[in-house]
Amino acid sequence: MKSWPTKPLTEVAAVIRGVSFDKSQVSSEPRKNSVPVLRAGNIQESLLTDSDLVYVSDEQVNEEQRMRRGDLAICMSSGSPAIVGKTAYLATDWNGSVGAFCAIIRFNDKLHHRFASYWFRSPAFTQWRDNNAKGANIQNLRRTELETLSIPVPPMAEQEQIVKLLDEADDLRNLRGQADQRTSALIPALFHQMFGDMGDAECRWPKERLGQLATIEATLVDPRLEVYQDLPHIGPDRIERDTGKLFPTKTAREDALISAKFLFDESEVLYSKIRPNLRKAALPTCRGLCSADMYPIRPGPQLLREFLWAYLLTDHFTDRAVDLSARVNMPKLNRVQLDSIDAPVPPLPLQKEFAQRVTEIRELEAGQATSRIRLHALFQSMLHRAFNGEL
């Protein structure tokens, strides 16, 4: 194991606070002279700079807070311990910033930007984060502690060699991700092929109000009761936008839940009611708990849940949901509004054929997920070896 010199983060980077704003100063849609702001949910394997954004006035963002290529976004505060300390690298030019619960790490020329970004995904940083994140319900990383964090600074030639090897491993994961995206596009394409356009003029199926076709009610429970402690907990941040794929979840016990949650089961569809997340719907595979930001929807006899789920993700439904939710002060789709949206009712045999095809595509995705897990394990092993000087 090599012993590289280390430096406090302040010697190799600046830690820049995110933009503070209140509800009256933010919009879920871009406005004239507005700037997009990333939140913790945008920090995934890469930065999601084209979805789930909020917008603030250009005047609220100073020049230092505008992200630059090579910057690292980091989540500094969250109710989810798994999200605190999560980082993602900005690989392209983008005119935006991060919110107050996040920060920007901007490196100087003493450290290769990509080397630093990989180190912040390494076991060494993960251990530091776990030791320093504080808080009972909301966990935080203090800026002063982050600035004193020691980071290895090998000779630049070694940094560049490590970046080259890790980039090659990361490229394999990206290729796997691109193939996964093509598979994800199969279901919406199949839906359109089998059922056509959902627009009012073009839709060829009879329609009824969603409130007549499905039950939009759920049982509120106390997640601290032992009977619920080991059930999975799903919130909007656990659902991939547009595709409805579920990210790995934690149990009520692991998430240390204290507030009431909705109980759902595998016969229902989970739908996010908060305006920035209105294009998020999922098919749960077991009983569980969901946040109050979601509706568990139980389809009646005229709809199969696979069809309902796919319909909730269409442009037609989303446009209608956004329009209705914008008419009230609260940034969400309420029960009455959701009940009022029309849903098409195709023949059940056609819905069953669609459901079978969805099952087949999901099985294909499961096989791809196994490959993705193996590539992730390889990448994590290389991260560990890289920062132990073993590559």
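**Ground rules.** I'm working on a predicted model, where local features need pLDDT of at least 70, side-chain atom pairs count only at pLDDT 80 or more, and totals for chains, interfaces and linings use all residues. Numbering starts from 1 along each chain as its sequence is written, and side-chain values use heavy atoms, with hydrogens and water left out.

**Overall size.** Along the principal axes, the C-alpha atoms fill a box of roughly 70 × 45 × 45 Å. I then looked up burial (buried is under 20% relative accessible area, exposed over 50%, partly exposed in between, with a 1.4 Å probe and protein chains only), and 50% of the 391 residues count as buried. For contacts (heavy atoms within 4.5 Å), I took pairs at least 6 apart in sequence; 75% of these join residues at least 24 apart.

**Secondary structure.** I find 11 helices and 22 strands in the chain. These are DSSP runs numbered from the N terminus: H or I with at least four residues for helices, E with at least two for strands.

**Strand β9.** Which strands run antiparallel to β9? I got β2 (residues 13-17), joined to β9 by five bridges, and β5 (residues 72-75), joined to β9 by four. Two strands pair if DSSP finds at least two bridges between them. Strand β9 (residues 102-107) is mostly covered, with six of its six residues buried. In a regular strand the side chains alternate between the two faces of the sheet. For β9 I sorted the residues by side: Cys102, Ile104 and Arg106 lie on one, Ala103, Ile105 and Phe107 on the other, all buried.

**A three-stranded sheet.** I also noted an open sheet with the order β4-β3-β8 and mixed pairing. Its edge strands, β4 (54-57) and β8 (97-98), each pair on one side only. Strand β3 (residues 34-38) runs antiparallel to β4, with four bridges between them. One partner I looked up is Tyr55 in β4, bridged to Pro36.

**Helices α6 and α8.** At what angle do these two pack? For α6 (residues 186-195) and α8 (residues 305-312) I have about 105°, with the axes 11 Å apart. The axes are lines fitted to C-alpha atoms, for helices over the stretch in contact, and angles run from 0 to 180 degrees between N-to-C directions. That makes α6 roughly perpendicular to α8 (65 to 115 degrees; under 35 is roughly parallel, over 145 roughly antiparallel, the rest oblique). From α6 the contact uses Ile187, Phe191 and Phe195, and from α8 Phe307, Trp309, Ala310 and Tyr311. The contact residues divide into seven nonpolar, no polar and no charged. Nonpolar covers Ala, Val, Leu, Ile, Met, Phe, Trp, Tyr, Cys and Pro, charged covers Asp, Glu, Lys and Arg, and the others, Gly among them, are polar.

**Two single residues.** Ser272 is in strand β18 (residues 269-272), and I count Ser272 as buried because its relative accessibility is 0%. Leaving aside neighbours within four places in sequence, Ser272 contacts Pro236, Asn277, Leu278, Lys280, Asp293 and Met294. Asp339 sits in helix α10 (residues 335-340). Asp339 has 17% relative accessibility, so I count Asp339 as buried too. With the neighbours within four places again left aside, Asp339 contacts Arg209, Leu210, Gly211 and Ile216.
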